[in-house]
Amino acid sequence: MSQHDSQGPIVKPTGEELERQAKAKAATEQQASTELRGPLHTELGKTTIEDRVVQKIASVATREVPGVYAMGNAARRTFNSLAERIPGAQANTAGGVSVEKGEQQTAIDVSIVVAYGFSIVEVSDEIRSNIVTQVERATGLEVIEVNVDVTDVHLPEDDDDDTETRDGLK
């Protein structure tokens, strides 16, 4: 028996239509179950990772690379040096690293000061390689991008700034 409304008759699905609907439903369920699979999403539960965890791992991986003198921009470094002088305060170990993280992938931006005499290209390549290795090993997230922003070069004379007088005479 068919019903009628203002838009036309509603026809009951045939056996072929029911089979097509069942296949579509099964495909949708299978796609949903495979989308959440991965090292962080298992049948027994899922693991979530905060952005700051990825930031700290990326920060340590960056500092391990020879030629990285400091991380972050000048304002961040100044703030961290002041924070180190306050009893009980901790400097931000993830300074100079920003992270965009999804459920299974992450993109990382790092800001560094390179020591004079090192190749910026080689240091940047090594930073990318080390961050990808460490973050993927530690978190299971796929690192899809590592951007390196070189904000300054640390010169050997920069260490001698303490010997200058206020008017710049030695």
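Residues are numbered from 1 along each chain as its sequence is written, and side-chain values use heavy atoms, with hydrogens and water left out. In this predicted model, local features need pLDDT of at least 70 and side-chain atom pairs count only at pLDDT 80 or more, whereas totals for chains, interfaces and linings use all residues.

The protein has four helices and eight strands, where helices (H or I, at least four residues) and strands (E, at least two) are DSSP runs numbered from the N terminus. Read from the N terminus, the order of elements is β-β-α-β-β-α-β-α-β-β-α-β. Of the 170 residues, 24% count as buried; buried means under 20% relative accessible area, exposed over 50%, and partly exposed in between (1.4 Å probe, protein chains only). Accessible areas come from the Shrake-Rupley method with a 1.4 Å probe, and for residues only the protein chains shown count as cover. Among contacts (heavy atoms within 4.5 Å) with a separation of 6 or more, 72% join residues 24 or more positions apart.

The largest nonpolar core has 22 residues, and I108, I112, I127 and I131 touch the most other members. At least two residues of this core come from each of α2, β5 (68-71), β6 (97-101), β7, α4 and β8 (142-154). A nonpolar core is defined as a set of buried Ala, Val, Leu, Ile, Met, Phe, Trp, Tyr and Cys residues joined through side-chain atoms within 4.5 Å. In soluble globular proteins, nonpolar side chains tend to be buried together. With neighbours within four places in sequence left aside, I108 is in contact with V54, A58, V97, S98, V99, I131, V135, V143, E145, V146 and N147.

Two threonines were examined for burial and polar contacts. T62 is located in helix α2 (residues 51-63) and counts as buried because its relative accessible area is 0%. A polar atom of the T62 side chain lies 2.8 Å from the backbone oxygen of A58. A polar contact is a pair of N or O atoms within 3.5 Å; within protein, one must be able to donate a hydrogen and the other to accept it, and residues adjacent in sequence count only if both atoms are side-chain atoms. Beyond four places in sequence, T62 is in contact with V68, M71, V110, I112, I127 and I131. T106, in strand β7, is likewise buried, with a relative accessible area of 0%. Its side chain reaches the backbone oxygen of E100 at 3.1 Å. Residues touched by T106, not counting those up to four places away in sequence, include V54, V99, V135 and L141.

P66 lies in the loop between α2 and β5 and is partly exposed, at 46% relative accessible area. P66 and V114 are 48 residues apart in sequence, with a C-alpha to C-alpha distance of 9.2 Å. Outside four places in sequence, P66 is in contact with F118, V123 and E126.

Y116, I120 and V153 make a nonpolar surface patch of about 280 Å². Patches are made of residues with over 30% relative accessible area and no salt bridge, with like charges joined within 9 Å and nonpolar side chains (Val, Leu, Ile, Met, Phe, Trp, Tyr) within 5 Å. Y116 is situated in the loop between β7 (105-115) and α4 (120-139) and counts as exposed, at 57% relative accessibility.

The structure holds three salt bridges, each a side-chain nitrogen of Lys or Arg within 4 Å of a carboxyl oxygen of Asp or Glu. Side chains of opposite charge can pair when their charged atoms come close. R20 pairs with E17, the closest N and O atoms being 2.7 Å apart; these residues are three apart in helix α1 (residues 15-35) and so separated by about one helical turn. K23 and E19 meet at 3.6 Å, N to O, and are four residues apart in helix α1. K23 counts as exposed at 56% relative accessibility, whereas E19 is partly exposed at 48%. In helix α4, D125 and R128 are three residues apart, and their closest N and O atoms are 3.6 Å apart. D125 is partly exposed at 44%, as is R128 at 31%.
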